[in-house]
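Please prepare a short report on the packing and the charged pairs of this protein model. The sequence and structure are shown below.

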Amino acid sequence: MWNRPDLGNSWPVRIIRPGDVGADVRDLQRRLLALGFRVDPDELEGRFGPSTEAAVRAFQGQRRLPVDGLVGQDTWTALVEAGYALGDRILYLRARPFRGDDVRELQRLLNALGFDAGREDGIFGPATDRAVREFQRNVGELADGIVGPETLAAIQRLRPHVNGPSRAVVREEEEVRTMAGELRAARVAIDPGHGPSDPGYRGPSGALEADVTLAVAREVARELARR
């Protein structure tokens, strides 16, 4: 189980879009099928048809990505990260951090056991490393921060209760609760990031990125005023 080849985090040079045909589309379809999304058999030779687009849009919605049916860097990265289950690879802190659903599951289990892995964001950073080492010390293992078969088995033996809120979630909720008092008399600048001279990307529906970011900025301003 520990020798599974790395799926890689590179993404095709071009944006993959409906109507495309080729090996990168087949790779995309393979990843979607592995995650449980449906692609019609007549498209599986590498044709980006309606069912492939529907699967991409469903995945994007599930991952809270812009639902545009296009596979660019963000969607491709999310697909790669979603392909990892806890136990597929050995995890540890490194300069280019491990990212994926396996890391998110590890963080969830550690937080449920009371070891503060920080926000469950799927990124193996310093907070996760500290939580792993603290867990290893508590179970009598070498505190090397490496999540291999022994550490994973020790976590699973404890059967952490993951249905309740973790320490990280409680902390974030408390920060939000106390935010209102900190906002009083504060001066906040909101930059939509685009404008008339930089309209940004035009989506399949015709909407400009500048219009979308402006709408988001206005909504943020309204929410800050409400708070």
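A salt bridge is a side-chain nitrogen of Lys or Arg within 4 Å of a carboxyl oxygen of Asp or Glu. By that definition, the structure holds 17 salt bridges. The model is predicted, so local features need pLDDT of at least 70 and side-chain atom pairs count only at pLDDT 80 or more, while totals for chains, interfaces and linings use all residues. Residues are numbered from 1 along each chain as its sequence is written, and side-chain values use heavy atoms, with hydrogens and water left out.

Helices are DSSP runs of H or I with at least four residues, numbered from the N terminus. Buried means under 20% relative accessible area, exposed over 50%, and partly exposed in between (1.4 Å probe, protein chains only).

| Pair | N to O distance | Location |
|---|---|---|
| R57 and E53 | 3.1 Å | both in α2, four residues apart |
| E134 and R137 | 3.0 Å | both in α5 (residues 126-138), three residues apart |

D102 counts as buried because its relative accessibility is 0%, and R89 is buried at 12%. R57, at 29%, is partly exposed, as is E53 at 21%. E134 is partly exposed at 34%. A network of salt bridges links R14, D20 and D24.

A nonpolar core is a set of buried Ala, Val, Leu, Ile, Met, Phe, Trp, Tyr and Cys residues joined through side-chain atoms within 4.5 Å. The largest has 18 residues, and those with the most contacts inside it are I16, L28, L32, F48, F59, V71 and W76. At least two residues of this core come from each of α1 (23-34), α2 and α3; α3 gives the most, with five residues. Another core, of 15 residues, lies apart from it and includes L91, A117, V132 and A154.

Contact means heavy atoms within 4.5 Å. Leaving aside residues up to four places away in sequence, I16 touches residues including D24, L28, F48, V71 and W76.

In α2, the buried residues are S51, T52, A55, V56, F59 and Q60, and these pack against α1 and α3. The expected span of a helix is 1.5 Å times one less than its number of residues. For the 13 residues of α2 this gives 18 Å, which agrees with the 18 Å between its end C-alpha atoms.

R64 lies in the loop between α2 (50-62) and α3 (73-82). Its phi is near 60°, a positive value in a residue other than glycine. R64 counts as exposed, at 80% relative accessibility.
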